[in-house]
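Subject: Handing over a structure

Dear colleague,

I am passing on the structure below, together with some notes on what was found in it. Please read the notes with the structure open beside them.

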There are 2 protein chains.
Amino acid sequence: MASTDPEYGTKPQPNPPTAGENKWKYLKVPLSSLDAGLRVLLFAACVTSVVVMVTSKQTIHQGPVSKEAKFNHSPALIYFVAALSVAGLYSIITTLASISIIMKPAFSSKFILHFAFWDVLIFGVVASATGTAGAVGYVGLKGNKHVPWQKVCNVFDKYCRHIAGSLAVSLFASVVLVLLIWLSAFTLHKKIPK
Amino acid sequence: MASTDPEYGTKPQPNPPTAGENKWKYLKVPLSSLDAGLRVLLFAACVTSVVVMVTSKQTIHQGPVSKEAKFNHSPALIYFVAALSVAGLYSIITTLASISIIMKPAFSSKFILHFAFWDVLIFGVVASATGTAGAVGYVGLKGNKHVPWQKVCNVFDKYCRHIAGSLAVSLFASVVLVLLIWLSAFTLHKKIPK
């Protein structure tokens, strides 16, 4: 579709743009592609985050006793996995929708409004899940002396490394979602005639 | 300002709207007022949440020993108070900006784009703070048998009630922020000519 405007890149602009629409016309295809690309990135981030969290199981043998640490020992981490899974599924659906916009740009403003609506909800879910898992991970790392909550990361080192890695990737997913919402708002704004 | 269009409410519509702009013209002032109203609501919610959290201090005397529970015993709750304070300050500034839009609607689309950008960031902060405090509050309420984290809410009842109330109000603030972002996206969308 990028071959439909051969002027892109050289920008000869024979007649200067008067309405706001013309000024931004050449950006149309790249912005849609950026949206689709960010959604693929979001999918990759969500899948990575969930896989790293689910594979965090660690068993430690201390003499005759063996202790096990799994992500589903904590309700906060279960919520985290559920939230990132939902975001991953959502990113598949919206990647397809975003590609359909590149194919048929006529419906783009309706689609982008719906993207903005749903992206905000998914962003809220991912941000709160990151906060939830981060809070439990921090207590696990540092403990809390005021209430007798002991730290666990000095014993379960691999488990905590997996949680930390998963949190970093989910933070990246949150940033991608913020960029997607910004992109939708900007795309809607640039369609308004000045 | 609502008195400038006396037709609002009766909708006689002498000539049917052809462009998309005319169709939504009568909604202009109510949408700006809705934005300002929601921002005032956000301010009230943030202040309530911070005040309820900060006043959660409880001291319990068990024989000769006295135990104290304060919000700043947990880093998660400190983050919560900081995040909601930032959101409260932000809501004051944007309420003023929103009122300035009602006064001078000429700059509205630029302002609304900036609102959408910043609202998303503040929403991320508030949502993650709610998740963070919720995770610590849940461990305090239920404990965790896998790691020896004991529950504290059976002892510090008033403390936990304050945290729960503060969390409920911050959840409400998150919903208000979602509505604000939706309103911005919708306002931008309805300015696009069909």
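In these notes, contact means heavy atoms within 4.5 Å. On that basis, and not counting residues up to four places away in sequence, B:Ser184 touches B:Ile112, B:Phe115, B:Ala116 and B:Asp119. B:Ser184 lies in helix H5 of chain B, which covers residues 157-190, and B:Ser184 counts as buried because its relative accessibility is 2% (buried is under 20% relative accessible area, exposed over 50%, and partly exposed in between, with a 1.4 Å probe and protein chains only).

Please keep in mind that this is a predicted model, in which local features need pLDDT of at least 70 and side-chain atom pairs count only at pLDDT 80 or more, while totals for chains, interfaces and linings use all residues. Residues are numbered from 1 along each chain as its sequence is written, chains are lettered from A and ligands numbered from 1 in the order in which they are written, and side-chain values use heavy atoms, with hydrogens and water left out.

As for the fold, chain A has five helices and two strands, which follow one another from the N terminus as α-α-β-β-α-α-α (helices, H or I, of at least four residues and strands, E, of at least two are DSSP runs, numbered from the N terminus). Of the contacts in chain A with a separation of 6 or more, 77% are between residues 24 or more positions apart, and 46% of the 194 residues of chain A count as buried.

The two chains can be superposed, chain A on chain B, by a rotation of 180 degrees with 0.0 Å of shift along its axis, at an RMSD of 0.0 Å (by least squares on the C-alpha atoms of residues with pLDDT of at least 70 in both copies). This is the relation of a two-fold axis. Since 100% of the interface residues of chain A are also interface residues in chain B, the copies meet through the same surface.

The UniProt record, an unreviewed entry, annotates residues 30-176 of chain A as "domain: Casparian strip membrane protein"; positions are given in the numbering used here, feature names are shortened, and annotations may be inferred rather than shown by experiment. Over residues 30-176, chain A is 74% helix and 7% strand, with the end C-alpha atoms 17 Å apart.
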